Amino acid sequence: MSSDWSILSLPKVELHLHIEGTLEPQMMWDLAQKHKISLPYDSVQAIQDAYQFSNLQSFLDLYYAGTNVLRDADDFYQLMWAYFLRCKEDNIVHTEIMFDPQSHTHRGVAFATIMQGFNKAIKQAKDELGISAYLIMSFLRHLSEADALNTLEEAKPYYQDITAIGLDSSELGNPPDKFTTVFKKARTAGFKCVAHAGEEGPASYIRDAIKLLNVDRIDHGVRAIDDNDLVTQLAKTNMPLTVCPLSNLKLCVVNDMTEHNILTLLEKGLRVTVNSDDPSYFGGYLNDNFSALKQALNMTDAQAIRLIKNSFTASFLPEAEKEKWLAKIDGLI
Ligand code: ADE
Ligand code: ZN
């Protein structure tokens, strides 16, 4: 795929990105050395080679194990800063970043440590790279709702630094209705709400995330295709779907990129967007996802531009800011 495809240089937004999923093998190796943590790998290449997954859970097992090297505020800063440098390469001007506080606090890392590192990188990205970033605090759905409620409480000193809450981790068997109370509480506290739904789970989880959790966006949502009425509802209500093509391929949600339904959903009028999810684990950052769609699905430039514009529209940026960027894109195409 040619890297001079002009679409790749357009300004972009990323809406579905787990910061823990940007931990590159080299950084995992270096932080393990720094903290004298023994890894079940004998080289950086061996870490990379382990990234073969058969489903969501097989990935999550490695992903949570990987977080163990993140210990002090500088680790969280380095992780976030490395992602911002990648954003610059892909012309991402705004990003809404998920983090999983429970995967750190449960290992004894203080909430303050995580936030100190993130906030430093976010300020530096604004000042030095001109990239804006919002944080989405995601609850782990394999844990209890009581645990999510405790985390919401623990985050109180940092509410001004967090824009939205989310729901991720093992989807099957952990439906949205398990988290009705914490989403209601977060909404009352002023947070925007998003949730993973319809990645591996059924279309009914997408319906429930909308009805019971009152979400502003659905993360993934590709299984909506199984329910015609839901597709109609999503189109009518302009509900954004943050789709992650390379993730879906790597986690066997689709067998081949040529079978991905993102452009079908786009042509049915849904507000779909392109995102990288966990780029270190899935073999590509945002522009790699666009390139994969062009290669496998013959995505046209017009479709790519609609997807890019959708991400601005579906973001939590102020309306004036969205308009400014949409006008800028119109001036560039
Ligand atoms: N956490 C990180 N990536 C995830 C994904 N693709 N689905 C659910 N939880 C996740
Ligand atoms: Zn995700």
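**Entry 1**

I looked up F111 and Y158 and found both of them buried. The model is a predicted one, and I kept that in mind throughout. For F111 I read a relative accessibility of 4%, which counts as buried because the cut-off is under 20%. The ring centres of F111 and Y158 are 5.7 Å apart and the planes stand at 15°, so I noted the pair as stacked. I then placed the two residues along the chain. F111 is in helix α6, while Y158 is in the loop between α7 (145–154) and β4 (164–168), so the pair ties together parts that are 47 residues apart in sequence.

Next I counted the aromatic pairs of the structure and got 16. One of them joins F111 to F99: the centres are 6.4 Å apart and the planes are at 75°, so this pair is edge-to-face. F99 belongs to strand β2 (residues 92–99) and F111 to helix α6 (residues 111–129), and the two residues are 12 apart. I checked F99 for burial as well, and its relative accessible area is 0%, so it is buried.

**Entry 2: other rings**

I asked myself which residues form one aromatic cluster. I listed Y51, F53, F59, Y63, Y64, Y281 and F282.

I also looked for charges over rings. The charged end of K120 sits over the ring of Y77, at 4.2 Å from the ring centre. For R217 I found its charged end over the ring of F316, 4.1 Å from the centre.

**Entry 3: the zinc ion**

Which residues coordinate the zinc ion (ligand 2)? I found H16, H18 and H196, each through NE2, and D277 through OD, at 2.0 to 2.3 Å. The spacing of these donor residues in sequence is H-x1-H-x177-H-x80-D. H196 comes from strand β5 (residues 192–197) and D277 from the loop between β8 (271–274) and α13 (279–282), so I wrote them down as 81 residues apart, a link between distant parts of the chain.

Are H196 and D277 buried or exposed? H196 has a relative accessible area of 5% and is buried. D277 is buried too, with 2%.

**Entry 4: the sheet**

I traced an open sheet of 8 strands, paired in parallel, in the order β1-β2-β3-β4-β5-β6-β7-β8. At the edges I found β1 (12–18) and β8, each with a single partner strand, so one side of each has no neighbour in the sheet. On average, neighbouring strands are turned by 25° against each other, direction ignored. I noted for reference that strands of a sheet pair through backbone hydrogen bonds.

I then took a look at one pairing. Strand β7 (residues 240–243) runs with β8 in the parallel sense over 4 bridges. Within these strands, V243 stands opposite V274 of β8.

**Entry 5: M137**

Last, I looked up M137. The residue lies in strand β3 (residues 132–140). Its relative accessibility is 0%, so M137 counts as buried. I also compared M137 with A155: they are 18 residues apart in sequence, and their C-alpha atoms are 8.9 Å apart in space.

Notes: Residues are numbered from 1 along each chain as its sequence is written. Chains are lettered from A and ligands numbered from 1 in the order in which they are written. This is a predicted model: local features need pLDDT of at least 70, side-chain atom pairs count only at pLDDT 80 or more; totals for chains, interfaces and linings use all residues. Side-chain values use heavy atoms; hydrogens and water are left out. Rings of Phe, Tyr and Trp (its six-membered ring) pair if their centres lie within 6.5 Å; planes under 30 degrees apart count as stacked, over 60 as edge-to-face and the rest as tilted. Buried means under 20% relative accessible area, exposed over 50%, partly exposed in between (1.4 Å probe, protein chains only). A charge sits over a ring if NZ of Lys or CZ of Arg is within 6 Å of the ring centre and within 35 degrees of the ring normal. Donors are N, O and S atoms within 2.8 Å of the metal (3.2 Å for Na, K and Ca); water is not among the atoms, so sites may look incomplete. Two strands pair if DSSP finds at least two bridges between them. Axes are lines fitted to C-alpha atoms, for helices over the stretch in contact, and angles run from 0 to 180 degrees between N-to-C directions.
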